[in-house]
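Please take a moment with the sequence and the model shown here, and then follow the paragraphs below through them.

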Amino acid sequence: MNKLFKSVSISLLLMAGAAQAQTWSDEQTEVWKAVLASYVDIDNKDLNWTDKWVTEDALVWGNAYPMPRTRASAKRWDAYQFPLSDTLIADYSPVGIVVHGSTAVVHYYSSSGNRNKEGKHKTTHGRCSDIMVKGDDGWKFVAWNCSDEPSDD
């Protein structure tokens with residue numbers, strides 16, 4: 001049931017993102033689809049998502065860790081963190097996308113509902129700013145900063 005719920009949630013998410021993108025340029029729509037597709041791989045706990053979606057020289061940061069991480073470091077932490085919880089539902093709402101040639105800046109809100117191994121649920125809301133570059137194999141993250149909103153948990 002959980003996989004069905006996750007699949008339905010991801011499908012609805014992709015449709016909502018496509019509906020919002022109707023007023024965007026083709027480039028903005030292409031960038032947003034890449035962001036959403038990367039989250040599908042993350043939600044499916046694909047440990048190779050960094051190889052697919054993140055440039056080799058990327059530096060990424062968020063309030064969950066004290067210093068920027070490289071792609072290799074992000075991949076190691078994912079291997080540690082992915083088994084610790086399951087994403088039950090996730091939603092990503094774009095605020096703005098700017099594309100200049102082969103570089104894009106993407107700002108969006110995120111919300112997710114997770115269940116840890118003890119069965120406890122946690123809802124997290126946050127803001128992300130991604131910098132992406134377009135290469136021969138599509139859009140990839142070169143940097144991001146995601147910060148969770150303060151929680152009462």
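**From a helix to the strands and salt bridges**

Tyr80 counts as exposed, because its relative accessibility is 51%, where exposed means over 50% relative accessible area, buried under 20% and partly exposed in between, with a 1.4 Å probe and protein chains only. The model is a predicted one, in which local features need pLDDT of at least 70 and side-chain atom pairs count only at pLDDT 80 or more, while totals for chains, interfaces and linings use all residues. Residues are numbered from 1 along each chain as its sequence is written, and side-chain values use heavy atoms, with hydrogens and water left out.

Tyr80 has its place in helix 4, and helices here are DSSP runs of H or I with at least four residues, strands being runs of E with at least two, both numbered from the N terminus. Helix 4 spans residues 71-81, and its buried residues are Arg71, Ser73, Ala74 and Asp78. Seen down the helix axis, these buried residues fall within an arc of 155 degrees, so they line one face of helix 4; the arc is that of the directions from the helix axis to the C-beta atoms. An α-helix has 3.6 residues a turn, so residues three or four places apart point the same way. The buried residues of helix 4 pack against helix 3 (49-53), strand 1 (54-62) and strand 2 (69-70), contact meaning heavy atoms within 4.5 Å.

On the face turned away from the buried side, helix 4 carries the exposed residues Arg76 and Tyr80.

Turning to the strands, strand 3 (residues 85-100) and strand 4 (residues 103-116) run antiparallel and are joined by 14 bridges, where two strands pair if DSSP finds at least two bridges between them. Val99 stands opposite Ala104 in strand 4, and in the hairpin of strand 3 and strand 4, with 2 residues between the strands, Gly101 takes a positive phi near 60 degrees. Strand 4 also pairs with strand 5 (residues 121-135) in the antiparallel sense, over 13 bridges, and Tyr108 has Cys128 in strand 5 as its bridge partner. The hairpin of strand 4 and strand 5 has 4 residues between the strands, and there Gly119 takes a positive phi near 90 degrees.

Side chains of opposite charge can pair when their charged atoms come close. The structure holds 7 salt bridges, a salt bridge being a side-chain nitrogen of Lys or Arg within 4 Å of a carboxyl oxygen of Asp or Glu. One of them joins the side chains of Asp86 and Lys45 at 2.6 Å, N to O. This pair links distant parts of the chain, since Asp86 is in strand 3 and Lys45 in the loop between helix 2 (26-43) and helix 3, 41 residues apart.

Another salt bridge joins Asp51 and Arg71 at 4.0 Å, N to O. Asp51 lies in helix 3 and Arg71 in helix 4, so the pair ties together parts 20 residues apart in sequence. Asp51 is partly exposed at 34% relative accessible area, whereas Arg71 is buried at 17%. Asp51, Arg71 and Lys75 are linked in a network of salt bridges.
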